[in-house]
Amino acid sequence: MKKYSLILLVQIIFLHPSIAQDNLQISKFIQPVSEVNIFRTEGYYNWGGSIVKGNDGMYHLFYSRWPKSTNFTGWLLFSEIAHAVSENPTGPWEFKKTVLEGRGKGNWDAITAHNPKIKYFNGKYYLYYISTNMGENQDYSENDLMEISLTGYNHPKWKILRPNQRTGVAVANSLDGPWQRQDQSLIEPSGPISTLTVNPAVDQGKDGRYYMIVKGDKPNETRFIRNQAIAISDNPDGPYDIQPDPVIDYLDTEDMSFWYDEKREIYYGIFHTPEGFIGLVSSTDGIKWQKASEYQIMPKEIKMKDGTTLKPDRLERPFIYKENGELITLGLAAKQGDESFIIFIPLNK
């Protein structure tokens, strides 16, 4: 009986290849990098990033940057979303222009524009980003913002700006814009996340709906721990409904990127953790999540082509660029001393 059961299982696997198989091993694809694969900008901190291929055959990078004069903590107050181009998804990149900034008083995205994800759905480009504001009836000047930026996390008004962070989207017919922003943010914290909704990652699922992973604080928790939640919408620009089950609530994590693997029929989310590794979670339906078969992809260090190893002070914001169903590039944001830059790791099978 056992023999016939085994034969039946083998027949099911080979005759029905659509059965989801979580067998992705990203660590086997990782290649060494050179300075060509590192994107720096004089006078700015570069951070995060997201790639899309345009109709012009070029690769378009949307990323965060802010002036070094504002300190590294200036990300919460002075970040802007910039656009760069390259002939290759691993660089070198050439700055093109600034795309989004804080929209000013009276808007949900009054202060800063940060952590972008660029997506192409149904003939339009969707630029997801995060921003914040000082709340209602809060007057402030540019000097006030600079004071908060230079003081950093201990400034009293940081405690206003952080919980006011939300996720939004700007839409355009062309990568050159113009970008149309919404009057409201996309999603409010609920269910498995509280306080804020930030660092969006979006992809279209096998059911045609749109799935978004966002980060917030872990509810009913006295320690500083962030959860990841999944939200679903019938449209790329919302409204999104947060699902009750978390993507991750067993570990403090940040900076999720997310994609649907059509060949494996698996949803994947890549993240970083303060514990010191780049990790991967997976789901067969986009709602119930677990540790992927390769849960820890890599430590927070980069192999260089000259044989050395780059060990930055911080290595965060992982994102995957895929083309024709294949993973092409793993991007990471790095901080080393008073420099921050984006690293584009070639993935080669």
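These legends describe close-up views of a predicted model.

**View 1. A four-stranded open sheet.** The strand order is β10-β11-β12-β13, and the pairing is antiparallel. β10 (194–204) and β13 (241–248) form the edges. Each has a single partner strand, so one side of each lacks a neighbour in the sheet. On average, neighbouring strands of this sheet are turned by 30° against each other, direction ignored.

**View 2. The pairing of β11 with β12.** β11 covers residues 210–217 and β12 covers residues 226–233. Eight bridges join these two strands in the antiparallel sense. Met212 has Ala231 in β12 as its bridge partner.

**View 3. A salt bridge between Lys53 and Glu323.** The two side chains meet at 3.5 Å, N to O. Lys53 belongs to strand β2 (residues 44–53), and Glu323 to strand β20 (residues 314–323). The pair links distant parts of the chain, 270 residues apart. Lys53 is partly exposed, at 36% relative accessible area.

**View 4. A salt bridge between Arg317 and Asp255.** The closest N and O atoms are 3.4 Å apart. Arg317 lies in strand β20 and Asp255 in strand β14, so the contact ties together parts 62 residues apart in sequence. Arg317 is buried, with 3% relative accessibility. Asp255 is buried too, at 3%.

**View 5. A salt bridge between Asp207 and Arg209.** Their closest N and O atoms are 2.9 Å apart. Asp207 is partly exposed, with 41% relative accessibility. Arg209 is also partly exposed, at 31%.

**View 6. Arg264 in a loop.** Arg264 sits between β14 (254–261) and β15 (266–273). Its relative accessible area is 16%, so Arg264 counts as buried. The Arg264 side chain makes a polar contact with the side chain of Asn23 (2.6 Å).

Terms used:
Residues numbered from 1 in each chain as written. Predicted model: local features only at pLDDT ≥ 70, side-chain atom pairs only at ≥ 80, totals over all residues. Heavy atoms only, no water. Buried < 20%, exposed > 50% of the residue type's maximum accessible area, 1.4 Å probe, protein only. Polar contact = N/O pair within 3.5 Å; in protein donor to acceptor, adjacent residues only side chain to side chain. Pairing = 2+ DSSP bridges. Axes fitted to C-alpha atoms, helices over the stretch in contact; angles between N-to-C directions. Salt bridge = Lys/Arg side-chain N within 4 Å of Asp/Glu carboxyl O.
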